[in-house]
Amino acid sequence: MKSFNPPLRTLMGPGPSDVHPRVLEALARPTVGHLDPAFQGLMEEIKLGLRYAFKTENSLTYPVSAPGSAGMETCFANLVEPGGEVIVCRNGAFGGRMLENVVRAGGKAIMVDFDWGTAIDPDKVEDALKANPNASVLAFVHAETSTGVKADARALADLARKYDCLTIMDCVTSLGGSELELDGWGIDAAYSGSQKCLSAPPGLSPVSFSAKAADFVKNRKTKVQSWFLDLSLVMDYWDGEGGRTYHHTAPVNAMYGLHEALVLLSEEGIENVWARHGKMHQALVAGLEAMGLEMLVKKKDRLSQLNTVKVPNGVDEAAVRSHVLKHFNLEIGAGLGVLAGKVWRIGLMGHAARRENIALCLSALASALEVQQVKVDINASYEAVNNLLN
Ligand SMILES: *Cc1c(COP(=O)(O)O)cnc(C)c1O
């Protein structure tokens, strides 16, 4: 065996995103014990940093020691009891994963479906809430990474409250990328991932639970089926200030990375971070459209951090991705599910949401399309970007 030296890529797919050099540096610092007083101080800061990012006062806000899907499972395993009814909005791949979670927690999922690439219609969700008065949870994806569509989280949370349901919100791709306010919107449970707009490596899943959600867990009639994800046990570890007890060995160095990512976020300021994503998104879209490419999602429903671009007729979609990876070290994403072969997914997440990345992406795409005899006007594309960013 030999040491592994990865190629230096620019990551503009659906995640992981480019990791900031300061985060990479933090990851390489000496490992300490996970109950070391110095590490406990770091954990306290991570909790504060996450509350800032989520815009919440929830004391139960911490990173699950596993990727975003484990944060998802933490929410469903704890807030769904056997026989519990959950309304799940599905307009992409991750709504489908929520269904799997409900079923495995022994619950009954009531699916409210929308075409991939379109937004969740709150009126249709209200119909489902009216028709299912026993439902106790409403679940939806804030930023559908499979399609590039944003949900009206505030409207959905209002509906959940009106019909006496807890909300579970997937903000894996929205945390640190889109406007997000857990407390302002009244979200009860949210989960995210370290590798999307926070720009840390994959492997941690920040979660946050309201007091109402924590009460639900304390008053459950049955034990949470998963020992590792059972919030009532984790609470003593993450929430037990001072007298912290052993639950599992935290991934110490991964926490250094997340901590540095949160320091970067607070230095820039969360509102400025959202604004930067918005500005870079507008520039990227202007550049793509000037080149003759079309976006999949209606303007008002688009995410800044995940841009779905239609593959022009006759173009070999996979060949374009191979070309930009081989010749530009640039990773962009393919379409998932019903969108496979039909779109590219271009991420502008966290540290990747920068002007030089936009220029790289536009010229790499133009180069790949030229190879396939598609004529594009790269100068018009640069001009459109310059007009917006100068
Ligand atoms: C990436 C993603 C997940 C899953 O996160 P992993 O870290 O891959 O487990 C869940 N939901 C959404 C919306 C995502 O984009």
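Predicted model: local features only at pLDDT ≥ 70, side-chain atom pairs only at ≥ 80, totals over all residues.

Helix 10 itself covers residues 252–268. Its length can be checked against its residue count: at 1.5 Å a residue, 17 residues should span 24 Å, and the end C-alpha atoms are 25 Å apart, so the two values agree. The helix is also largely enclosed by the rest of the structure, because 12 of its 17 residues are buried, with buried meaning under 20% relative accessible area.

The ligand is the next stop. Around it are 13 residues, of which S69, T145, D170, Q195 and K196 come nearest. Three of these side chains can be followed to ligand oxygen atoms. For T145, a polar side-chain atom lies 2.4 Å from a ligand oxygen. In S69, an N or O atom of the side chain is 2.6 Å from an oxygen atom of the ligand, and for K196 the corresponding distance is 2.7 Å. The ligand on its own has 380 Å² of accessible area, and the protein covers 89% of it.

Two elements, helix 3 (68–79) and helix 4 (93–104), each give two or more residues to the shell around the ligand. Sorted by class, that shell has 5 nonpolar, 5 polar and 3 charged residues.

Definitions and conventions: Residues numbered from 1 in each chain as written. Heavy atoms only, no water. Near = heavy atom within 4 Å. Polar contact = N/O pair within 3.5 Å; in protein donor to acceptor, adjacent residues only side chain to side chain. Areas by Shrake-Rupley, 256 points an atom, 1.4 Å probe, with all protein chains shown as cover. Helix = DSSP H or I, 4+ residues; strand = E, 2+ residues; numbered from the N terminus. Nonpolar A, V, L, I, M, F, W, Y, C, P; charged D, E, K, R; others polar. Expected span 1.5 Å × (residues − 1). Buried < 20%, exposed > 50% of the residue type's maximum accessible area, 1.4 Å probe, protein only.
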